[in-house]
Amino acid sequence: MLFRSVVVETVLAGGLRRAFVDCPQLESALLNLSVNARDAMSGGGRLTLETSNASLDQAYADSHLEVAVGQYVLVAVTDTGAGMTPEVMGKAFDPFFTTKGVGEGTGLGLSQVHGFVKQSKGHVKIYSEVGVGTTVKLYLPRDLSGRVVEAKGETLSAAAIKQRFTVLVVEDDAGVRQVAVGALRELGFKVVEADSGAVALERLGEHPQISVMLTDVVMPVMDGRRLVEAALRQRPDLRVLYMTGYTRNAIVHNGMLDAGTRLLTKPFTVDELERELRAMLSDRI
Ligand SMILES: Nc1ncnc2c1ncn2[C@@H]1O[C@H](COP(=O)(O)OP(=O)(O)O)[C@@H](O)[C@H]1O
Ligand SMILES: [Mg+2]
């Protein structure tokens, strides 16, 4: 196994302030950074996850575009791996930039991290040296509201809960796609659309807030299963619901999907769609 010889260590500061961010996206970012660290340490090494309170001052803001002076919560991921050349570092956040082989890298990991940090009004910085290792620092703005964090879901209405979730609909048939999109909007979800697997992967990079992908199984070029494999490499926390016009038996029988996969058979009702999504998201509501 590649990561057997990697030591994982955490250095968590006491008295850490609260940051105001979307938790699933932070989890995704940490997973993406940890996967990159693992990939960089094929010969073994040390992965360190660190947190501390931090402030960025005027001098730092002057030398970094779009940095606001102020208080932050710092989350840093450090590896003792291969490191990056300045050239790679310069492109690392670009969507689809990868130095990994086909099927190994999508080039969307750091673009998710970047999108998340930007949306959080934070700042991300890479320090890396070839042959020594890499540190990625996420500066997340402190939550200065002084507000007590509400217990999960307790005070939120069902509609407000759904508005927190964005669903990516992937379906090559425009008519069927409109039906699914309409049903989701009726249920109160935010919706992003894609008419192919390639477009879906692009949308995932652009919209880090997507938490569920509803995808057709049989599509030209990239079928649902291959799309899901690529999407999960990029967003390991993504929830997936398949939809198909075939029967469940036909799909599982042909090896198109594993038994036990969440699958809606078309035509489905708005109620069925809601039931599936609620079941999938129950631990996040
Ligand atoms: N911790 C790291 N150590 C060395 N190189 C890295 C590290 N993280 C990212 N990179 C470089 O940045 C590129 C882009 O990373 P990423 O967006 O996560 O895409 P992917 O991992 O799919 O290639 C990687 O292909 C690699 O060259
Ligand atoms: Mg990656």
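## Strand pairing exercises

In this predicted model, five strands make an open, parallel sheet in the order β7-β6-β8-β9-β10. Strands (E, at least two residues) and helices (H or I, at least four) are DSSP runs numbered from the N terminus, and two strands pair if DSSP finds at least two bridges between them. Residues are numbered from 1 along each chain as its sequence is written. Local features need pLDDT of at least 70, side-chain atom pairs count only at pLDDT 80 or more, and totals for chains, interfaces and linings use all residues.

**Exercise 1.** Find which strands helix α8 touches.

*Solution.* Step 1: α8 (residues 224-234) packs on the sheet. Step 2: it touches β6, β8 (210-216) and β9 (239-244), where contact means C-beta atoms, placed from the backbone, within 7 Å. Step 3: the directions of α8 and β8 make about 160°; axes are lines fitted to C-alpha atoms, for helices over the stretch in contact, and angles run from 0 to 180 degrees between N-to-C directions.

**Exercise 2.** Describe how β5 (residues 133-141) pairs with β3 and with β4.

*Solution.* Step 1: β3 (residues 70-79) joins β5 through eight bridges, antiparallel, with Val-73 opposite Leu-140. Step 2: β4 (residues 123-129) pairs antiparallel with β5 over seven bridges, and Glu-129 faces Gly-133. Step 3: β4 and β5 form a hairpin with three residues between them, and Gly-131 in the turn has a positive phi of about 85°.

Conventions: Chains are lettered from A and ligands numbered from 1 in the order in which they are written. Two residues are in contact if their C-beta atoms, placed from the backbone, lie within 7 Å.
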